[in-house]
Amino acid sequence: MHRGALLFGFAERVADAFSGGIPGHRGAERDLSDTANAAKVVQAVKDRYGRIDVVSYQPLPGGTAFVPAAELDAERLSHWLNLFLLTPVAIAHSVLTEMTGGFIVTGGFTAADPQPFISGIGPAMAGIRNFVYSLHGEVADAGVYAGVVTLSALIKHSEAYHAMSPEQLAEITGGTTGIHVIDPADLAETYWRLFTDRDRTEYRFPDPAAH
């Protein structure tokens, strides 16, 4: 049996996730928009489990709004830089020296496909995407996989899924219709294939080559 630690931004998420009981797993509330908490989180998990072999960082909060680039200021961007870039970099720095597994980050489509009027979190996610691409080639020989999952979709039953309807997101992105929804079970299988196959750095959904 594999053991895991799940970190949540809100205490109620911990209660919801573990209401049915998940043997060998533990949840905790942590504010990862404060980069100073990254080292504390890593140390807390190490204290309980001894070592961290795999990190999956998925910081996409529900209700996150896009901001036109012309309206984005440094103060607003700094919050997203902490959550989407500086914290995962700090976590990677804390675990890579003894990690034998993988480091996978999930982000949104604006990291790879920037468009007018939907900036905000995109610059921060583009930064961590760049970092993971570089990291992938540096740690592969040590047996560590680094990868990034870039989604142009809502994850079914996620916080973001319940906070924003496909129609709302379509309106924000300039009239794009038929926003994709991905099942969390399919996404979990994607993470597993990335980690085990290790044949590419990035998985994008939907596949841009298919359009």
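**A parallel sheet, its helices and its aromatic pairs**

Four strands make up an open sheet, ordered E3-E4-E5-E8, with parallel pairing. Two strands count as paired if DSSP finds at least two bridges between them, and the labels refer to DSSP runs numbered from the N terminus, with helices (H or I) of at least four residues and strands (E) of at least two. Strand E3 (54-57) and strand E8 (202-205) are the edge strands, each pairing on one side only. On average, neighbouring strands of this sheet are turned by 10° against each other, direction ignored. Axes here are lines fitted to C-alpha atoms, for helices over the stretch in contact, and angles run from 0 to 180 degrees between N-to-C directions.

The model is predicted: local features need pLDDT of at least 70 and side-chain atom pairs count only at pLDDT 80 or more, while totals for chains, interfaces and linings use all residues. Residues are numbered from 1 along each chain as its sequence is written, and side-chain values use heavy atoms, with hydrogens and water left out.

Between E3 and E4 there are four bridges in the parallel sense. Val55 stands opposite Phe103 in E4. Helix H3 (residues 74-95) packs on the sheet and touches E3 and E4, its direction making about 175° with that of E3. H4 also packs on the sheet, where it touches E4, strand E5 (145-151) and E8; the direction of H4 makes about 150° with that of E5. Contact means heavy atoms within 4.5 Å.

The chain as a whole has seven helices and eight strands. Of its 211 residues, 40% are buried. Buried means under 20% relative accessible area, exposed means over 50%, and partly exposed lies in between (1.4 Å probe, protein chains only). The accessible surface comes to about 11500 Å², and carbon and sulfur atoms hold 53% of that area. These areas come from the Shrake-Rupley method with a 1.4 Å probe; for residues, only the protein chains shown count as cover. Among contacts in the chain with a separation of 6 or more, 69% are between residues 24 or more positions apart.

Ser119 is found in the loop between strand E4 (102-108) and helix H4 (121-139). With a relative accessible area of 13%, Ser119 is buried. Apart from neighbours within four places in sequence, Ser119 is in contact with Phe66, Val67, Pro68, Ala69 and Leu72. Pro123 lies in helix H4 and counts as partly exposed, at 39% relative accessibility. Not counting residues up to four places away in sequence, Pro123 touches Leu72 and Leu77. Leu81 is 42 residues from Pro123 along the chain, and their C-alpha atoms are separated by 8.1 Å.

Aromatic pairs come next. A pair of aromatic rings is described by the distance of the centres and the angle of the planes. Rings of Phe, Tyr and Trp (its six-membered ring) pair if their centres lie within 6.5 Å; planes under 30 degrees apart count as stacked, over 60 as edge-to-face and the rest as tilted. By this rule there are two aromatic pairs. Phe66 and Phe109 form an edge-to-face pair, 6.3 Å centre to centre with 70° between the planes. Phe66 lies in the loop between E3 and H3 and Phe109 in the loop between E4 and H4, so the pair ties together parts that are 43 residues apart in sequence. Both Phe66 and Phe109 are buried. Trp192 and Phe195 form a tilted pair, 6.2 Å centre to centre with 45° between the planes. Because Trp192 and Phe195 are three residues apart in helix H7 (residues 184-197), about one helical turn separates them. Trp192 is exposed, with a relative accessible area of 52%.

The ring of Phe195 also has the charged end of Arg198 over it, 4.8 Å from the ring centre. The rule for this arrangement requires NZ of Lys or CZ of Arg within 6 Å of the ring centre and within 35 degrees of the ring normal. Arg198 lies in the loop between H7 and E8 and is partly exposed, at 32% relative accessibility.

Last comes the backbone. Most residues other than glycine have a negative phi, and most peptide bonds are trans. Arg198 has a positive phi, near 55°. Phi of Phe117 is also positive, near 75°. Phe117 lies in the loop between E4 and H4 and is exposed, with a relative accessible area of 62%. A cis peptide bond joins Phe205 and Pro206, with omega about -5°; Pro206 is found in the segment after E8.
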